[in-house]
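Me: I am new to this structure, and I would like to learn how to read a few of its features with some care. Could we go through them one at a time?

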Amino acid sequence: MAELELCNVTQAYADQRVIDDLSLELQQGDIGCLLGPSGCGKTTLLRCVAGFEAIAGGEIRIGAKPVSRAGWTLAAHARQVGMVFQDYALFTHLSVSENIGFGLHGWSRDARRQRVAQLLELVDLGNLADRQTHQLSGGQQQRVALARALAPRPKLLLMDEPFSNLDVALREQLSAEVRTILKAEGSTSLIVTHDQYEAFALADWVGVMHAGRMAQWDTPYNLYHRPRLRFVADFIGQGTLLPGQVQTGCLIRTELGDLDGMLAGPDGSADGATCAFSGEVDVLLRPDDVVHDDASPMRAEVLHKAFRGAEFLYTLKLPSGQQVLSLVPSHHNHAVGEQIGIQLAADHVVAFRREQNAVV
Amino acid sequence: MVRALTQWFDPWRLLAGAVVALVLVPVGVSLLAFADVDASIWQHLAEFVLPDLLRNTFWLLLGVGLAVTLVGVSLAALVALCEFPGRRWLQWALLLPLAVPAYVNAFVVIDLLDFSGPLQSWLRGSWGITGLPDIRSGWGVVLVLTLSLYPYVYLIARNAFATQGSAALEAAQALGLPPGQGFVRVALPMARPWIAAGLLLALMETLADFGTMAVFNFDTFTTAIYKAWYGMFSLSAAAQLSCFLLLFVLVMVAAEQRSRRGIRYTTVGRASALRRRRLSPLTGVLALGFAMLVLMLAFGLPVVQLLRWSLATALQDLDARYWGFVWHSVLLAVLGAALVVAVALLLAYAARQRPGAWMTWLQRLATLGYAFPGAVLAVGWFIPVAALDAWLAGLGQAWLGVDTNGWLKGTLLVMLLGYLVRFLAVAFGPVGSGLQRLGRHVDEAANSMGVAGWALLLRVHWPALRTSLQTAAVLTFVDIVKEMPITLMTRPFGWDTLAVRIFEMTSEGEWQRAALPALAIVLVALVPMVLLTGQKEQTHG
């Protein structure tokens, strides 16, 4: 059963539409991530779900129960929704365990103590129960905020850029930890982030938002390999678009050879078969789709190279002037300006109709 | 050895040390006064004066403390956390009472609420209501001080609520607490260190206040010091009373330092995420009414009344003598502000050139003077300067055969030293933080581009510090214009300023004739508020 449902939600400040006819569903126990550039409306959407913002149209349901409609908003405190704020918003006048137990009003003293102890253990802060919040490191504060939000067993947990105040190394470690904790609690969660690797590490479902609309709500794998819009292809991961022509027999002919591909739907809603279309397309090539092969007759000039430890990321110029990216094991060290042999290693690619150029 | 000596005689350290010495002299003088106790006077004080003073001070601190907290916090919460008609305008306007010195509001309030005043006359005449509490009592003093001191609590609490209060309220709401309960359980306790800081500022002003007490004829330590000096001609008794007052101040400062510890550690969230709670029409009107009532009593009424009186007396009082008061006020304030800002700048540079724990301590001690009541500083600086003067006069007679009454006593020196100690912190705030923003890397960057020495000061530091220096100068200028006890007690003979004129007219009960100088002070005090708001808007836009 869908624990969270957003149906055609619209939200606006004055005349400015912040969220535009957006829908999504999150199943019980699933972790969803909202991803997008700053200003795309993802935090506003989260605040609408939390009940801090009213919506102008559509409906939000939590556990099948409507909580927001145009002109009516169930108060945030009546929603049983937990929220982890970007700056944690810990209560500085309370200790760690008092912070975690804050939302357990109406629980018996024993039940409360047990629940707090359980959460302290879950977030691995058992030895810091009586500390004041200012004595904690950033990562510890983050975990207190998470434990506090989880404590009352909310129907839905919301997190707003939960790792943005932490340094990079801690971020990776914590995002893996948080996924484990959320799965252990079985909580349905919606997380806002602008970092796609964080989203991939955390979430079962990721939604890429663009200008208040949901560009694509999908699994991390599909977002990377089956983007439905140029915007998503561009926003997620690295890659280049290579011009091609759909041939009879459903193949796409490009400068690098013929490819079997799938055509992104014009509105991004459905995947179309290539055969139904004939004409100019752009093929999405990820850096791992182009491999280095000295024996290959296809040559390209090295324009740029970036050393990444195990690999080089080469920016290559094809004879036509088109550029592609290629990820090559780092013992193949070529100089800028050198011609190297390349080959396509993509068995299945995504193509976008050329006339969409104007759209996105 | 030589190295240790040169280290010790480092000019920057010596400079900071000298400023600290200036601050500590009045304290030392007050303490030393106990070496010379005049038994008869002291017995009189202990028997008849001290018990009253202690009782009055205690009730005053309690009353003002409670009232200021209640008014300041409730207004701050309304303005920072709720949305109602007029809120945007009020959040700024509620600071206006800072421009009305308590001693000015004092005589306006007395005139309005006295037995023979318009309110009581009307109540008696139209409704037959009598037996209202006498305004010339502790209650009246508490009312007046609350009206002019609540902005301290309001300002600091408003910032606390605005920065972290709303985020905390949302967090509480996400944990199932309705906003009202969230305020009581989260926003209020989290703002406690800030509220305490504002409250302590207000209480220190209460302890230091002289003018209001004089208008109400209400005995506290400040007025007792004045009376001991001018009534009993006992400087030592005045200094001994200063000690008691300093003891109160010490307790306050210690308490403030304790409460500040909380502030240092507390992270303040982003103010931008603020969502104010919209009040229903009825509660919105009530909130507006409450704020307007406070604003009317604290600012509107006094200003209107001063205007009326000034118009009535302008023809008679707007003469050459009045311009003399203005001239004296302005001259003193300009001299004082220049001195104070210069010393503040030197102190800030000392801290920049020789950073370290030592310097931090010296700096803290040097800016402690804002906590010393003016009456204490007046006595504390008059005694040593008079002693120096007598010594110099003796020297003059012995060596030069010149008979003199002293060179220093009749000058502005004592006054300026008093201002320096009292207002150094006022100027140091903007100057110090301005210089701090100009990090040391800026110097290094300039050096690497070949700019050093005077060129560095002129081309980098001066443009960067100009606004801070202006702010510091304006704030100090206004504080000196408003200042009463130091000016009153240590001015050269005949050196009357606007504040002194107000004191003289009010002590004769001539409210109307105190109005014109009072109005001038209010106008001057409005300047920095307008200026500072303008600056804030600039940085925002």
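Predicted model: local features only at pLDDT ≥ 70, side-chain atom pairs only at ≥ 80, totals over all residues.

Me: Into which domains is chain B divided, and how far apart do their C-alpha centres lie?

Reply: Domain bounds come from an automatic or database assignment. Here chain B is divided into domain 1, covering 63-312, and domain 2, covering 318-507, and the C-alpha centres of these two domains of chain B lie 28 Å apart. Their contact takes 23 residues from domain 1 of chain B and 17 residues from domain 2 of chain B.

Me: Which elements of domain 1 of chain B give two or more residues to the side that touches domain 2 of chain B?

Reply: They are helix 5 (102-113), helix 8 (179-208), helix 9 (211-216), helix 10 (221-230) and helix 11 (235-265) of chain B. Helix 11 of chain B gives the most to this side, with 9 residues, and by class the side of domain 1 of chain B that touches domain 2 has 20 nonpolar, 3 polar and no charged residues.

Me: How is the contact between chain B and chain A made up?

Reply: In general, the size of an interface is often given as the accessible area lost when the parts come together. For this pair we can count residues instead, and the contact takes 19 residues from chain B and 19 residues from chain A. On the side of chain B, helix 7 (138-174) and helix 8 each give two or more residues, and the largest share, 6 residues, comes from helix 7 of chain B. The residues of that side of chain B divide into 11 nonpolar, 4 polar and 4 charged.

Me: Why is helix 1 of chain A described as largely enclosed by the rest of the structure?

Reply: A residue counts as buried if 20 or more other C-beta atoms lie within 10 Å of its own. In helix 1 of chain A (residues 42-50), 9 of the 9 residues are buried, so this helix is largely enclosed by the rest of the structure; among them are Lys42(A), Arg47(A) and Ala50(A). Helix 1 of chain A is followed by Gly51(A), whose phi is positive, near 100°.

Me: Where is Val326(B) placed, and which residues does it touch?

Reply: Val326(B) is in helix 13 (residues 320-353) of chain B, and it is partly exposed because 18 other C-beta atoms lie within 10 Å. Not counting residues up to four places away in sequence, Val326(B) touches Leu498(B) and Ala520(B). Val326(B) and Trp462(B), by C-alpha to C-alpha distance, are 31 Å apart in space and 136 residues apart in sequence.

Notes:
Residues numbered from 1 in each chain as written. Chains lettered and ligands numbered in written order. Contact = placed C-beta atoms within 7 Å. Helix = DSSP H or I, 4+ residues; strand = E, 2+ residues; numbered from the N terminus. Nonpolar A, V, L, I, M, F, W, Y, C, P; charged D, E, K, R; others polar. Buried ≥ 20, exposed ≤ 12 C-beta atoms within 10 Å, placed from the backbone.
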